[in-house]
Structures are given as C-alpha cells and as structure tokens.
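This report describes selected local features of a single model. The sequence and structure are shown first.

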Amino acid sequence: MRQHGDIRNLFDEVEASRGEERRDAFRRLVRLLATMAKAVKAAESMAPTRPHPGVESGAANIALGPVAALMDRTRDTVRKAMGEGG
C-alpha cells in the first residue's frame, strides 16, 4: 500500500512540476518502478510454476515454495528437452 501511495504521489509530482524538477520526479518514479520490477522478477524466479496442494498458507509458501519451484522448473526443462508439452 505504501508503494502504491508513493507511485501515485510521484505521478502527481511529475504532472505538477516543470523543467528540472519534473525530470527529477520522473527519474525517481522510473527508479521506483524499475526496483519493483526487479523484486517481482526475483519473486517469480522462486515461485512454483503450478499449484501445489498444502502450500496455500504464507508460511508454507516461504518454506516449501523454493523447493517446489525447483522441482517444477526441472520437470518443465526435462519435458521440453524430451519434446513433451507443458
């Protein structure tokens, strides 16, 4: 929620400002969005590629998600190498 507010405030600042102040606000907005994109990519790389029963809770996801993701990605790679679909 805080990040959403920060993004909204930066958009408002970009719209309301001019010249160098506007460029600075725009750079800060882009930097915040690029940082968020990296965080999402990092989370996606550790997330399972398919649902796993019993891993619905946050604690279970933290504990078992990376292991499930590794198994899923290994299975996907092997299937792809063998010419099978997803």
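The text below covers helix packing, a nonpolar core, and a few individual residues.

The model is predicted.

The largest nonpolar core has 6 residues: I7, L10, V14, A25, L29 and L32.

A25 sits in helix 2 and has 0% relative accessibility, so A25 counts as buried. With residues up to four places away in sequence set aside, A25 touches L10, E13 and V14. For the pair A25 and V14, the separation is 11 residues in sequence and 5.5 Å in space, taken C-alpha to C-alpha. The other example is L32, which touches D6, I7 and L10 when residues up to four places away in sequence are not counted.

**Helix 2 against helix 3**

Two packed helices are described by the angle between their axes and the distance between the axes. For helix 2 and helix 3, the angle is about 70 degrees and the axes are 7 Å apart. Angles of 65 to 115 degrees count as roughly perpendicular, so helix 2 and helix 3 fall in that class. On the helix 2 side, the contact is made by E44, S45 and M46, and on the helix 3 side by G65, P66, A69 and R73. Sorted by class, the residues of this contact are 3 nonpolar, 2 polar and 2 charged.

V30 is also part of helix 2. With 39% relative accessibility, V30 counts as partly exposed, because this value lies between the 20% and 50% limits. Between V30 and A59, the C-alpha to C-alpha distance is 32 Å, for a sequence separation of 29 residues.

**Residues of helix 3**

Helix 3 spans residues 58-81 and includes D72. A60 is found in helix 3 as well. A60 has a relative accessible area of 14% and is therefore buried. Apart from neighbours within four places in sequence, A60 is in contact with G54, V55 and G65. Of these, G65 is also one of the residues through which helix 3 contacts helix 2.

What is the burial state of D72, and which residues does D72 contact beyond its sequence neighbours? D72 has a relative accessibility of 0% and so counts as buried. Leaving aside neighbours within four places in sequence, the contacts of D72 are P48, T49, R50 and H52. P51 is 21 residues from D72 in sequence, and the two C-alpha atoms are 9.9 Å apart.

**Accessibility values**

The table collects the relative accessibility of the residues discussed above.

| Residue | Relative accessibility | State |
|---|---|---|
| A25 | 0% | buried |
| V30 | 39% | partly exposed |
| A60 | 14% | buried |
| D72 | 0% | buried |

Terms used: Residues numbered from 1 in each chain as written. Predicted model: local features only at pLDDT ≥ 70, side-chain atom pairs only at ≥ 80, totals over all residues. Heavy atoms only, no water. Helix = DSSP H or I, 4+ residues; strand = E, 2+ residues; numbered from the N terminus. Buried < 20%, exposed > 50% of the residue type's maximum accessible area, 1.4 Å probe, protein only. Contact = heavy atoms within 4.5 Å. Core = buried A, V, L, I, M, F, W, Y, C linked by side-chain atoms within 4.5 Å. Axes fitted to C-alpha atoms, helices over the stretch in contact; angles between N-to-C directions. Parallel < 35°, antiparallel > 145°, perpendicular 65-115°, else oblique. Nonpolar A, V, L, I, M, F, W, Y, C, P; charged D, E, K, R; others polar.
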